[in-house]
Amino acid sequence: MENGPSRTAMMAAAARAAHLIVDREPHLFQDTVAKALLGERAAELIGYHHEFGDHPVLSGTRAQVNARSRYTEGRLSAGFTQYVILGAGLDTFAYRAPLAREIAVYEVDHLATQRWKQELLTAVGLSTSAVEFVGVDFERDDLTSGLMAHGFDPKQQALVSWLGVTMYLTEPALTATLTQLGRFAPGTELIVEYALPPELRDKSGRTYAEFALTASAEQGEPWLSFYTPEQLTTLLDRQGFTVAEHISQRQAVDPTLWQRDDALHPADLCRMVRATVRG
């Protein structure tokens, strides 16, 4: 958020941390830093998952954020040397993953959110020296200039992740950012999470949306954009991307990880699309 700590960033971090505590093995993803990063709020936020972990919003959030993180970080094994995290929030890749030592990591978010995050990192003794914090407002600022000012080379291939953000943006803001990303080096890969319109949601997705969208709007972070896979494919094609695949939560991780006897199960409310900048 522009005026202070992001509620959605805290909820996502709490869901990643709670997954290792509330849900049974096998885990979809292992974020071993999120709990520490939440600091004095950790007990409260994870406590909600402890007490009400079967609620469709809480279990749905744990499924969503952990599945998308596992899929996206798995793409880094393709050999990218630059990783741009748009709407980074409390993402912890750079502070726990051995691969982060081999990759230039650029965390892009509102300046206020980044200052808050750096304070949290300092409080728990985690170094910020290996990360470039790029302050950008997607509705107003030039993303490419901001990245280049921090050492990013747009002529070299990168992996760009954009998770948990586009549903909060207007379509002009989304299109403007895609236009800039489409000018990055050919072969640059983009992974975007997007929200489905009501008619494409499954039963679990509709239940999640019934609670989550109302709560998000009441907290001042309403969902503004919804796309069918076909609509987003067309939009990406116009901005210079070739779509490789659309990925549901169920498809984002190994199928065996969904063979569970706890509250965690995939919902079709949001999907990801993986696309590549054309040559």
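**Helix packing and nonpolar cores**

The model is predicted, with local features needing pLDDT of at least 70 and side-chain atom pairs pLDDT 80 or more, while totals for chains, interfaces and linings use all residues. Residues are numbered from 1 along each chain as its sequence is written, and side-chain values use heavy atoms, without hydrogens and water.

**H1 and H3**
- The axes of H1 (residues 7-22) and H3 (residues 42-52) come within 9 Å and cross at roughly 50 degrees.
- Their crossing is right-handed.
- H1 makes the contact (heavy atoms within 4.5 Å) through Met10, Met11, Ala14, Ala15, Ala17, Ala18, Ile21 and Val22, and H3 through Leu45, Ile46, His49 and His50.
- By class, ten of these residues are nonpolar, two are polar and none is charged.

**Nonpolar cores**
- A nonpolar core is a set of buried Ala, Val, Leu, Ile, Met, Phe, Trp, Tyr and Cys residues joined through side-chain atoms within 4.5 Å, where buried means under 20% relative accessible area (1.4 Å probe, protein chains only).
- The largest such core has 45 residues, and Leu90 and Phe93 have the most contacts inside it.
- H1 gives this core its largest share, six residues.
- Beyond its neighbours within four places in sequence, Leu90 contacts Ala9, Met10, Ala13, Arg16, Leu37, Leu38, Trp116, Lys117 and Leu120.
- A second, separate core has 32 residues, including Tyr106, Trp162, Ala173 and Leu178.

Definitions and conventions. Axes fitted to C-alpha atoms, helices over the stretch in contact; angles between N-to-C directions. Helix = DSSP H or I, 4+ residues; strand = E, 2+ residues; numbered from the N terminus. Left-handed = near helix turned anticlockwise from the far one by under 90°. Nonpolar A, V, L, I, M, F, W, Y, C, P; charged D, E, K, R; others polar. Buried < 20%, exposed > 50% of the residue type's maximum accessible area, 1.4 Å probe, protein only.
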